Amino acid sequence: MRILVVEDEKKVASFIKRGLEEENYEVETAGDGEEGLTMAIERKYDLVILDWMLPKRDGMSFLKELRERKTLTPVLMLTAKDSVEDIVTGLETGSDDYLTKPFAFAELLARVKALIRRSEMDRGAELVFADLRIDPVTHKVWRGEKEIDLTAKEYGLLEYFMRNPNQVLTRTMIADHVWDYTFDSFTNIIDVYVNYLRKKIDRDAPTKLIHTVRGVGYILKEEG
Ligand code: CA
């Protein structure tokens, strides 16, 4: 489980990091909203802990941008005790829960566990894009009525596309998320796999869903 902590107060950030690491979470930190946002978009986290008052980009703007980019990572916001307005705006903007400072670590841990559990349950639900449907539990895939057999890697690749529809995915992002490591000179492996996947998903269908973005990567979308 990977958690991103976006917090400019070093003491608070390291208090959270240390505590969560003791609970066997992998924790990365960012000291301002800009850096945090880049990390949250480019890497895959199971949860973001987001301080509301941040330099460069505040929590509000962070969250707006994150949700506009359809990144669905659960977000736990940290606010000052008296900022009810912030809490309301935060929840409306797409924060999943909040905690007011100061807080006891046990309380933070309980929220973290609940949010991750909830998002894992959501993850079990079927994903649908156009007439393409996948079941993250059984790894079954359908295009229209037809069931399609994929290898484990092809499935992983397709699930990544389905979780990030209408977004350009670079080869580096794909390598990071589907292979869990970055290729240096073997990014053509990704092209090979995308082609396998296309043959199975798109070849016999009237509408193509996986498109090449020349020089950048790939995108799952309905129109050419
Ligand atoms: Ca702060």
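What spacing do the donors of the calcium ion follow along the chain? The spacing is D-x42-D-x1-M.

This is a predicted model, in which local features need pLDDT of at least 70, side-chain atom pairs count only at pLDDT 80 or more, and totals for chains, interfaces and linings use all residues. Residues are numbered from 1 along each chain as its sequence is written, and side-chain values use heavy atoms, with hydrogens and water left out.

The calcium ion is coordinated by D8 through OD, D51 through OD and M53 through O, at 2.1 to 2.3 Å. Donors are N, O and S atoms within 2.8 Å of the metal, or 3.2 Å for Na, K and Ca; water is not among the atoms, so sites may look incomplete.

D51 counts as buried because its relative accessibility is 4%, whereas M53, at 63%, counts as exposed. Buried means under 20% relative accessible area, exposed over 50%, and partly exposed in between, with a 1.4 Å probe and protein chains only.

Strands 6, 7 and 8 form two hairpins, listed here.

| Hairpin | Residues between the strands | Turn residue with positive phi |
|---|---|---|
| Strand 6 and strand 7 | 2 residues | A130, about 50 degrees |
| Strand 7 and strand 8 | 4 residues | H139, about 65 degrees |

Strands are DSSP runs (E, at least two residues), numbered from the N terminus, and two of them pair if DSSP finds at least two bridges between them. Strand 6 (residues 127-129) pairs with strand 7 (residues 132-135) in the antiparallel sense over 3 bridges. Strand 7 also pairs antiparallel with strand 8 (residues 140-143), over 4 bridges. R133 in strand 7 stands opposite V128, and the bridge partner of R133 in strand 8 is W142.
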